[in-house]
Amino acid sequence: LYPNPTNGLVNIGLELPHSGNAQVVVTNVLGEQVYAENKAIGHGMQRTSLDLSHLTDGIYFVNITAEGFRASRTVNLSK
């Protein structure tokens, strides 16, 4: 997940063994869901981006679930 901190646009790199759907959920520090999106992801190394510029400055948790893969990263939004 980069850049971090970000001014709104976040790039995500992930590698999956086979193609499938990925669910991206962003929550704030209170645990409230502030963004969610389903993305079709191919196999191998993939990159996708999120536009979080509509959110207020702060710390957010990006949670990705895809085909048995699960990851959580923290991102600092500072405009």
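## Fold and basis of the model

From the N terminus on, the elements of the protein chain run β-β-β-β-β-β, so that the count is 0 helices and 6 strands, where helices (H or I, at least four residues) and strands (E, at least two) are DSSP runs, numbered from the N terminus. This is a predicted model, in which local features need pLDDT of at least 70 and side-chain atom pairs count only at pLDDT 80 or more, while totals for chains, interfaces and linings use all residues. Residues are numbered from 1 along each chain as its sequence is written, and side-chain values use heavy atoms, with hydrogens and water left out.

## Overall dimensions and packing

The C-alpha trace of the protein chain spans about 35 × 20 × 15 Å along its principal axes. The radius of gyration, taken over C-alpha atoms, is 12 Å, which agrees with the value near 12 Å for a compact globule of 79 residues; the globule rule is 2.2 Å times the number of residues to the power 0.38.

Of the 79 residues, 35% count as buried, a label that means under 20% relative accessible area, with exposed over 50% and partly exposed in between (1.4 Å probe, protein chains only). Among contacts (heavy atoms within 4.5 Å) with a separation of 6 or more, 57% are accounted for by residues 24 or more positions apart.

## Surface and charge

The accessible surface of the protein chain comes to about 4,700 Å², and 48% of this belongs to carbon and sulfur atoms; the areas come from the Shrake-Rupley method with a 1.4 Å probe, and for residues only the protein chains shown count as cover. The mean positions of the 5 positive and 6 negative charges are 4 Å apart.

Most peptide bonds are trans. The peptide bond from Y2 to P3, however, is cis, with omega near -10°, and the bond joining N4 and P5 is also cis, with omega about 10°. P3 lies in the segment before β1 (9-16), and P5 likewise lies in the segment before β1.

## The surroundings of N28

N28 is found in strand β2 (residues 20-28) and is buried, with a relative accessible area of 14%. Leaving aside its neighbours within four places in sequence, N28 is in contact with V34, I59, Y60 and F61.

The side chain of N28 also makes a polar contact with the side chain of E32, at 2.8 Å. A polar contact is a pair of N or O atoms within 3.5 Å; within protein, one must be able to donate a hydrogen and the other to accept it, and residues adjacent in sequence count only if both atoms are side-chain atoms.

Definitions and conventions:
Lys and Arg count as positive and Asp and Glu as negative; His and the chain ends are not counted. The place of a charge is taken as NZ of Lys, CZ of Arg, CG of Asp or CD of Glu.
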